[in-house]
Amino acid sequence: MLQSNLLHTERTRVALSGQSSFDQPDSGGFGDLVKLAVSFLRRQYIVIAVTAVLACAASVLYLRLAPPTYTAQAQVLLGIPRAQFVQQQSLLAEPAFDVTQIETQLQILKSKAIATKVFNQLKLADDPDFSGSSSSLLASWQWARAQISSSNNPPPSDTEDDPSEAALGVFLNRLSATRVGVSNVIEISFSSSSAPRAAEIVNAIANAYVTDQLDARFDANRRATSWLQERMHDLGEQALTAQRAVDTYKAQNNIIASDGKSIDDQLITQLNTRLAAARAQTSEASAKLTRYESLLSSDPARPAALGNLDGIGTDATNSTILTNLRQQYLELGRREAELAGRVGRDHLAVVNIRNRMREYRTSMFDEVRRLAEISRSEAELAKQRQLEIEKQLAEAVSKSQSVNSAELTIRDLESRAKGLRSLYESFLQRYMGSTQQETFPISETRVIFGASPPQSRSKPKTNLVLGLGMFVGIALGVLLGLLRDVMDGVFRTSSQIEASLELPCLCLVPALQAPKPSKSPAKSSQAEEDLRSRTISNVPAIHRAVVEMPLSRFTEAIRSIKLAVDHSPAKTSNQVIGITSALPNEGKTTIAASLAQLIGHSGKRAIIVDCDLRNPSLTASICPKASAGLIEVSNGSRSLEEVIWRDPKTNLVFLPAVRRGALFHTSEILSTEAICKLFERLRQAYDYVIVDLPPLTPLVDVRVTSPLVDCYILVVEWGRTKTDVVQHALHTAPTISDSVIGAVLNKTNIKAMARYDASRSDYYNDSHYIRYGFSDS
């Protein structure tokens, strides 16, 4: 579950910030989930641990401050409080317990009537738990809440023996009654600060409920017996009157019946049966005649008409004559087909066979006409028989209508008399049983398990509170860690750059601690000589790292940048390379200087140009004594040869930018014709021109350099640069973003990368690089 949450959160972070921490697009297997979970824990283990410790401390504090509570329990078997006569099977019988009735009994158990009886019986008015004087914070809070409720809804009138509403409220808050499973057993629970007191109150509640059920049954039996006696007397008189009415009506109308039915009804029933059979026979004969007529209406001369013989009924198929004729016809058809195949259809023998077949067809249709006449006679006879039965039925119905009214009346009288007699006998039986039960009513409700003082407190439970505190602490820590990951919003991995910027990540440049240069005092004469010859002698150690530490991750990353420039598929030649970033202090100057040093040290002719006119940090670090540079060349006051500086160790040429005051129109300077011509001269004189550009976001100078630069490299600082800032910077400079060949993730914490790039954790293992002699020291 934790791994699934991590994967879901990571994808959510990608959707929010356009980032992705997965190396493969189809990642999501179990191994990747495990790596993701491990990397997440390595990143956020401090947050999770601190949150868990705080939650455990809060749990311990709660256990120390919360007062103990003891809960006693008793079980009661339910019984239906109704009279005995209602339990017998009859129209008035009530069903057994259902959900509604059980809920009703639960409400009776928790009613104020039961609570008042127990309260007065045990004299709980002086108990500290109910009088408001208890030291328990929970009891005091319950008392205050009940007091407020009673003040808002004051009772209409209270006697001196009745407890106060506040005390009853506290009592009912501590009482609970629940059904045990789907049975008719109710479990009663009561909580108190004293274990013996809790058991005593639970047993008193159970006994009070059983007594209440017994009283209710006694009252129900008494009321039922009185009502039964009155009702039985009325039913007896009504049944006798109804029977007398039946006998009188029969005598007046002289009704005679056989087997419970009148003679006319029996005759009508027989005629209906015969009529149904006659109608079926008529329908069958009519259908047979229709089939014969349909066959005879076809052309006898057509052979296809014989195909209808199978559908005219069993009379035709059982006819011996028709069967023989058809067999001979089919035999002639077979012989005609064989002979026609040998001698042709127009041969005399074939024509004779065909004439004989025509004669057989005529004979078969004559036989069919004979059968049709027979069928027509049968249909007329069946129709005549049907009409005779219908006439007899009409006469019988007309004759029976005169006695129908009397029969209906006698049936109604007999039914009423029978019902009253049956009801009277049922009530008489119930009355006898109720009379026996009235003197000794039995209640099915009883206590099946009495309460005893609990041996341990019910709350707070130490293990549960500590376990819940630990779980909540860890869960909250995980959520906070996931929230931190989602809200991170900075670049941590190469996959994030590729997903959010849609640019290839050229390399991961590690955060470099370059060796400190030797502190030998510089001679003033040597400095003056360097100034006159414009020789670079004090290059910062971090810029010289690619030369001083050729077998390091830093140098290998710079080599990746040069390789990407040389083999970029965008253009055939990337001679002028612009190095920029979205924000200042992301290390673009260091990347530019290191790339130029690497190219110069490899033997290529390379020049690095400082085009950050407002903050020429590269000039300040390499040749702070320079008195002229790019601006002087553009305005024609100095020539190119007079302002460039050279590095004798790497043959690197540097064109500085000297800042003499505040410059307000640097973008116009970089877009002048003189700058364009200068860069054309640099293209012809050098193999590579490295341009250190200002950042994209605070300045617009980079946007005017698209005619000068072949390709751009975007420098992004690891763990600092916001994703939306870089996206906005590229969006506002579309001409630059189209020429960017890739991004460089600078100042990368290689040791921390395994925590963010789980699927590439082996890539950051130092053992793979040490094998080939690499070292970052």
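Predicted model: local features only at pLDDT ≥ 70, side-chain atom pairs only at ≥ 80, totals over all residues.

Reader: Where in the chain is Gly344 placed?

Author: Gly344 lies in the loop between α11 (320-343) and α12 (348-438). Leaving aside residues up to four places away in sequence, Gly344 touches Leu339 and Val350.

Reader: How many helices and strands does the chain have?

Author: There are 27 helices and 14 strands in the chain. Of its 777 residues, 42% count as buried. The accessible surface of the chain is about 42,200 Å², and 54% of that surface belongs to carbon and sulfur atoms. Among contacts in the chain with a separation of 6 or more, 81% come from residues 24 or more positions apart.

Reader: How should I read a pair of packed helices, and at what angle do α4 and α7 pack?

Author: Two packed helices are described by the angle between their axes and by the distance between those axes. Here helix α4 (residues 112-122) packs with helix α7 (residues 165-174) at an angle of about 105°, and the axes are 10 Å apart. Angles of 65 to 115 degrees count as roughly perpendicular, and α4 and α7 are therefore roughly perpendicular to each other.

Reader: Which residues of α4 and α7 meet?

Author: On the α4 side they are Lys112, Ala115, Thr116, Val118 and Phe119, and in α7 they are Glu165, Ala167, Leu168, Phe171 and Leu172. Sorted by class, this contact of α4 with α7 has 7 nonpolar, 1 polar and 2 charged residues.

Reader: Let us turn to the strands. In what order do the strands of the open sheet of 8 strands stand?

Author: The order in this open sheet is β7-β14-β13-β8-β12-β9-β11-β10, and the pairing is mixed. At the edges are β7 (505-510) and β10 (645-647), each of which pairs on one side only. From one strand to the next, the twist averages 25°.

Reader: Which helices pack on or lie across strands of this sheet?

Author: Helix α14 (residues 494-501) packs on the sheet and touches β7, β13 (711-717) and β14 (740-748), its direction making about 140° with that of β7. Helix α17 (residues 553-566) lies across β7, β8, β12, β13 and β14, and runs at about 160° to β7.

Reader: How are the side chains of a strand arranged, and which way do those of β9 point?

Author: In a regular strand, the side chains alternate between the two faces of the sheet. In β9, Ala606, Ile608 and Asp610 point one way, while Ile607 and Val609 point the other way, and all are buried. Strand β9 (residues 606-610) is thus described as mostly covered, with 5 of its 5 residues buried.

Reader: Which strands do bridges join to β9?

Author: With strand β12 (residues 688-692), β9 runs parallel and is joined by 5 bridges; Ile607 stands opposite Val689 there. With strand β11 (residues 652-655), β9 also runs parallel, joined by 3 bridges, and the partner of Val609 is Leu655. Strand β12 also pairs with β8 (residues 576-581), in the parallel sense over 4 bridges, where Gly578 stands opposite Val691.

Technical notes
Residues numbered from 1 in each chain as written. Heavy atoms only, no water. Buried < 20%, exposed > 50% of the residue type's maximum accessible area, 1.4 Å probe, protein only. Helix = DSSP H or I, 4+ residues; strand = E, 2+ residues; numbered from the N terminus. Pairing = 2+ DSSP bridges. Contact = heavy atoms within 4.5 Å. Axes fitted to C-alpha atoms, helices over the stretch in contact; angles between N-to-C directions. Parallel < 35°, antiparallel > 145°, perpendicular 65-115°, else oblique. Nonpolar A, V, L, I, M, F, W, Y, C, P; charged D, E, K, R; others polar. Areas by Shrake-Rupley, 256 points an atom, 1.4 Å probe, with all protein chains shown as cover.
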